Amino acid sequence: MPKLVVLSEGLTGRTHELKAERTTIGRVEDNSFQIPDPSVSSHHCEVILKGTEVTVRDLGSTNGSFINGERITEAVLKPSQILRLGQVQIRLEGDTPPNVQPKRTFDHTQVVTQGIKLSELDQTARAPVAPAFEKKTNTKARLMWVVAILATLALVGWLVSIVLGVGK
């Protein structure tokens with residue numbers, strides 16, 4: 001049975017067997033596989049068992065979903081590949097669904113209770129680390145602030161003109 005194994009320090013040893021057709025992954029409790037890390041979105045992605053494939057679909061996450069360092073919206077995850085959600089790295093391990101044979105497997109997986117550092121990972125299994133967070137722009141909020149400031153300036157100007165008697 002395929003399973004997801006968290007590799008990131010502080011969360012090392014967390015696993016989730018992929019028994020259901022759909023598995024949601026995210027920071028909040030209503031996900032099938034909860035990963036309580038601030039870089040993981042509340043509903044980050046879903047893992048779908050489609051016949052003989054394990055497919056990952058990003059659910060509009062803030063920090064993205066990556067397979068072996070490449071950002072994806074939907075892609076097939078193969079055994080021993082690294083799935084990165086925000087800053088959390090996860091490896092697909094175990095038996096694949098029927099009729100899928102992994103091209104390459106690692107038989108040296110160990111659960112280390114205190115965690116591991118990225119430098120201790122096998123170089124072939126390590127995905128590059130992207131910037132911690134991507135900033136989203138919010139043009140509606142900026143526009144609202146500009147309108148509020150202009151309205152405040154107009155009101156202050158009107159009050160000053162009344163006080164100085166310019167408006168009479």
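A residue is called buried here when its relative accessible area is under 20%.

**View 1. Strand β11 is covered on both faces in this predicted model.** Of the 6 residues in β11, 6 are buried, and the strand is therefore described as mostly covered, given that buried means under 20% relative accessible area. In a regular strand the side chains alternate between the two faces of the sheet. In β11, one side carries Val88, Ile90 and Leu92, and the other carries Gln89, Arg91 and Glu93, with every one of these residues buried. The strand spans residues 88-93, and Ile90 is listed among the residues with the most contacts inside the largest nonpolar core.

**View 2. Strand β1 pairs with β11 and with β2.** β1 and β11 run antiparallel and are joined by 4 bridges, while the pairing of β1 with strand β2, residues 15-17, is also antiparallel and extends over 3 bridges. Leu4 can be followed into both pairings: in β2 this residue stands opposite His16, and in β11 Leu4 stands opposite Leu92.

**View 3. The largest nonpolar core contains 22 residues.** In soluble globular proteins, nonpolar side chains tend to be buried together. In the core shown here, the residues with the most contacts inside the set are Leu4, Ile25, Ile35, Leu77, Leu85 and Ile90. With neighbours within four places in sequence left aside, Ile25 is in contact with Leu4, Asn31, Phe33, Ile35, His43, His44, Cys45, Val47 and Leu85.

**View 4. Five strands form an open sheet of mixed pairing.** The order across this sheet is β4-β3-β5-β6-β9. Strands β4 (33-34) and β9 (74-76) stand at the edges, and because each has a single partner strand, one side of each is left without a neighbour in the sheet.

**View 5. Asn68 and Ser80 have positive phi values although neither is a glycine.** Most residues other than glycine have a negative phi, and most peptide bonds are trans. Asn68, with a phi of about 50 degrees, lies in the loop between β7 (65-67) and β8 (70-72), and its relative accessibility of 38% means that Asn68 counts as partly exposed. Ser80, with a phi near 75 degrees, is found in the loop between β9 and β10, and this residue is buried, since its relative accessible area is 15%.

**View 6. A nonpolar surface patch is made by residues including Trp145 and Ile149.** The patch has an area of about 570 Å² and is made by Trp145, Val146, Ile149, Leu150 and Leu153. Ile149 lies in helix α1, which comprises residues 139-164, and this residue counts as partly exposed because its relative accessibility is 48%.

**View 7. The overall chain consists of 1 helix and 11 strands in its secondary structure.** Read along the sequence, the elements follow the pattern β-β-β-β-β-β-β-β-β-β-β-α. Of the 168 residues in the protein, 37% are buried. Among contacts with a separation of 6 or more, 41% are made by residues 24 or more positions apart. The protein exposes about 10700 Å², of which carbon and sulfur atoms supply 56%.

Methods. Residues are numbered from 1 along each chain as its sequence is written. This is a predicted model: local features need pLDDT of at least 70, side-chain atom pairs count only at pLDDT 80 or more; totals for chains, interfaces and linings use all residues. Side-chain values use heavy atoms; hydrogens and water are left out. Patches are made of residues with over 30% relative accessible area and no salt bridge: like charges are joined within 9 Å, nonpolar side chains (Val, Leu, Ile, Met, Phe, Trp, Tyr) within 5 Å. Accessible areas come from the Shrake-Rupley method with a 1.4 Å probe; for residues, only the protein chains shown count as cover. A salt bridge is a side-chain nitrogen of Lys or Arg within 4 Å of a carboxyl oxygen of Asp or Glu. Helices (H or I, at least four residues) and strands (E, at least two) are DSSP runs, numbered from the N terminus. Buried means under 20% relative accessible area, exposed over 50%, partly exposed in between (1.4 Å probe, protein chains only). A nonpolar core is a set of buried Ala, Val, Leu, Ile, Met, Phe, Trp, Tyr and Cys residues joined through side-chain atoms within 4.5 Å. Contact means heavy atoms within 4.5 Å. Two strands pair if DSSP finds at least two bridges between them.
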